[in-house]
Amino acid sequence: MFIDETRVYIKGGDGGKGCQSFARTTNKAFRGPDGGSGGTGGNVHFKVDPGLNSLTYYRNRRHHKADAGNPGKKRADGKNSKDLVLRVPIGSCVYSDEGELLADLNATGQTVMIAKGGRGGRGNRDLVTRNNPVPRYAEKGEPGEELWVRIELKLSADAGIIGFPNAGKSTLISKLSNARPKIANYPDRKSTRLNSSHQI
């Protein structure tokens, strides 16, 4: 089934939480905090794939979330998560729920970031200050950006049908293809002129 419009939920990955730990020597003498910071969550990108021609992939896949950053460890920072890349056909437009145009993807290979991943929380090794040389806490990671977006695919026709109203253009298209144009008995110019002259 050909789909040229859909609505999906996307979310950047949450940042990893920082680690709270303390270094000790071989004789267990206290040496200070050594907890690492958490990794950054993955961003969500839309990328143009010239091999696609519809949004069918998103028909039953409405939720897309990037991976969270890895938590910090003792004497080591957590790894950043990989970005999530969502592929769309050329001519795709991404809108927010408020109708704001977020991206107009009209070039092969074009990539736009839509949702940013959260920053990782700092471990107690990075929270040392002059007033607090031994912090006994660590930060949580920040949540990633999340939003619903509407994707529309702009299409260009190789041929067009021109004719008077009620000539059967929409009916012909509906019979020759899987398109479902709006078919109705629209008033033509002649009848509109006659009605307006009667009203005068």
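Trainee: How many bridges pair strand 7 with strand 10, and in which sense?
Mentor: This is a predicted model, in which local features need pLDDT of at least 70, side-chain atom pairs count only at pLDDT 80 or more, and totals for chains, interfaces and linings use all residues. Residues are numbered from 1 along each chain as its sequence is written, and side-chain values use heavy atoms, with hydrogens and water left out. Strands are DSSP runs of E with at least two residues, numbered from the N terminus, and two of them pair if DSSP finds at least two bridges between them. Strand 7 (residues 92-96) and strand 10 (residues 146-153) are joined by five bridges, in the antiparallel sense.

Trainee: Which residue in strand 10 stands opposite Ser96?
Mentor: Strands 7 and 10 pair in the antiparallel sense. The residue of strand 10 facing Ser96 is Val149.

Trainee: Which strands stand at the edges of the open sheet?
Mentor: The order of its five strands is 5-1-10-7-8, with mixed pairing.

Trainee: Why is strand 4 largely enclosed by the rest of the structure?
Mentor: Strand 4 covers residues 44-48. Buried means under 20% relative accessible area (1.4 Å probe, protein chains only). Strand 4 is largely enclosed because four of its five residues are buried.

Trainee: What is the bridge partner of His45 in strand 6?
Mentor: Strand 4 pairs with strand 6 (residues 84-88) in the parallel sense over five bridges. Four bridges also join strand 4 to strand 9 (residues 111-115), running antiparallel, where His45 stands opposite Met113. In strand 6, the partner of His45 is Val85.

Note on methods:
Buried < 20%, exposed > 50% of the residue type's maximum accessible area, 1.4 Å probe, protein only.
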